[in-house]
Amino acid sequence: MSTVQDFIFGNNLQWQASFSEKTDKYAYGYRGSLVITPGKVLSADKQLPPKATATQVILVSNSDKIDFIACELETLDFFEPFVEQYKEVLSTDGLYLLFVTDLDADGKFEYEGFTFYAFSLDESSVWNELLDYADLSKGDLKKLDAGEKIDTVYDEIKATTLRISDKSYDDIKAAQSSEGKVLFGAV
């Protein structure tokens, strides 16, 4: 087990994982959600669902730190608790992409010594956005297994220049929409 995997499972932060193991190229890959704020513990064997999660997570680690993470944050309000929860395994050299539902502008910023790329996420998915930024199509990944898909997307993303303007964290907070995600029902 990698140190990042130990951290996630040791702190019971995994949530609805569809992949959580070594990939062909890296010590640890993860797809699923990660707990930001755990739910209330009712008893020794019962706990409410998490109050806050990072969803659509794609994570890669080849060391004792997270080398890459891309995820959706339902609101920018989850960002500071996310960093607080995971800073022990974040790296100043990591590539961290946040797709934030209530953000009206994109930007690259630093927070507590870590660099983050924040993108507005409207109707797409984190996976589809990553494929676009990596210049990959779903056909490129069709015959790959889950671990190979994570490896391929990470390798392409880290080789890509993400064209995004530098901003301060205050600029990013100012770009937070007060409307949040608008869900559409049956039409």
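**Entry: helix α3 and its cover**

I looked up what covers the buried residues of helix α3, and the cover includes strands β2, β5 (52-61), β6 (68-73) and β7. Helices α4 (138-141) and α5 are also part of that cover. The model I am reading is a predicted one.

Which residues of α3 are buried? In this helix, residues 126-133, I found V126, W127, E129, L130 and L131 on the buried list. I noted a rule beside this: an α-helix has 3.6 residues a turn, so residues three or four places apart point the same way. I then checked what follows α3 and came to D135, whose phi is positive, near 55°.

**Entry: the chain as a whole**

I counted the secondary structure next, and the chain has 6 helices and 9 strands. The radius of gyration is 16 Å, close to the 16 Å that the globule rule gives for 187 residues, so the chain is as compact as a globular protein of that length. I also took the span of the C-alpha trace along its principal axes, which is about 45 × 45 × 40 Å.

How much of the chain is buried? Buried residues make up 47% of the 187 residues. For contacts with a separation of 6 or more, I found that 57% are between residues 24 or more positions apart. The exposed surface comes to about 9900 Å², and carbon and sulfur atoms supply 45% of it.

**Entry: charges and salt bridges**

I listed the charges: the chain has 18 positive and 33 negative ones, and their mean positions are 4 Å apart. Side chains of opposite charge can pair when their charged atoms come close. I searched the whole structure for such pairs and found 5 salt bridges.

One of them joins the side chains of D155 and K25, at 2.5 Å from N to O. Where do the two partners sit? D155 is in helix α5 (residues 146-158), while K25 is in the loop between β1 (14-21) and β2 (28-37). The two are 130 residues apart, so I wrote the pair down as a link between distant parts of the chain. Is D155 buried or exposed? D155 counts as buried because its relative accessibility is 16%, and the cut-off for buried is under 20%.

I then turned to K87, which has a salt bridge with E84 at 3.2 Å, N to O. The side chain of K87 also meets that of E112 in a salt bridge, here at 3.6 Å, N to O. The pair of E112 and K87 links distant parts of the chain, 25 residues apart. E112 lies in the loop between β8 (107-111) and β9 (114-120), and K87 in the loop between α2 (79-86) and β7 (95-100). E112 is partly exposed at 45% relative accessibility. I found a network as well: salt bridges that share partners join K25, D155 and K158.

For K87 I noted a relative accessible area of 32%, so K87 is partly exposed.

**Entry: Q5**

Which residues does Q5 touch, leaving aside its neighbours within four places in sequence? I found contacts with G10, S20 and Y28.

Notes: Residues numbered from 1 in each chain as written. Predicted model: local features only at pLDDT ≥ 70, side-chain atom pairs only at ≥ 80, totals over all residues. Heavy atoms only, no water. Contact = heavy atoms within 4.5 Å. Salt bridge = Lys/Arg side-chain N within 4 Å of Asp/Glu carboxyl O. Helix = DSSP H or I, 4+ residues; strand = E, 2+ residues; numbered from the N terminus. Buried < 20%, exposed > 50% of the residue type's maximum accessible area, 1.4 Å probe, protein only. Rg over C-alpha atoms; globule rule 2.2 N^0.38 Å. Areas by Shrake-Rupley, 256 points an atom, 1.4 Å probe, with all protein chains shown as cover. Lys, Arg positive; Asp, Glu negative; His and termini not counted. Charge placed at Lys NZ, Arg CZ, Asp CG, Glu CD.
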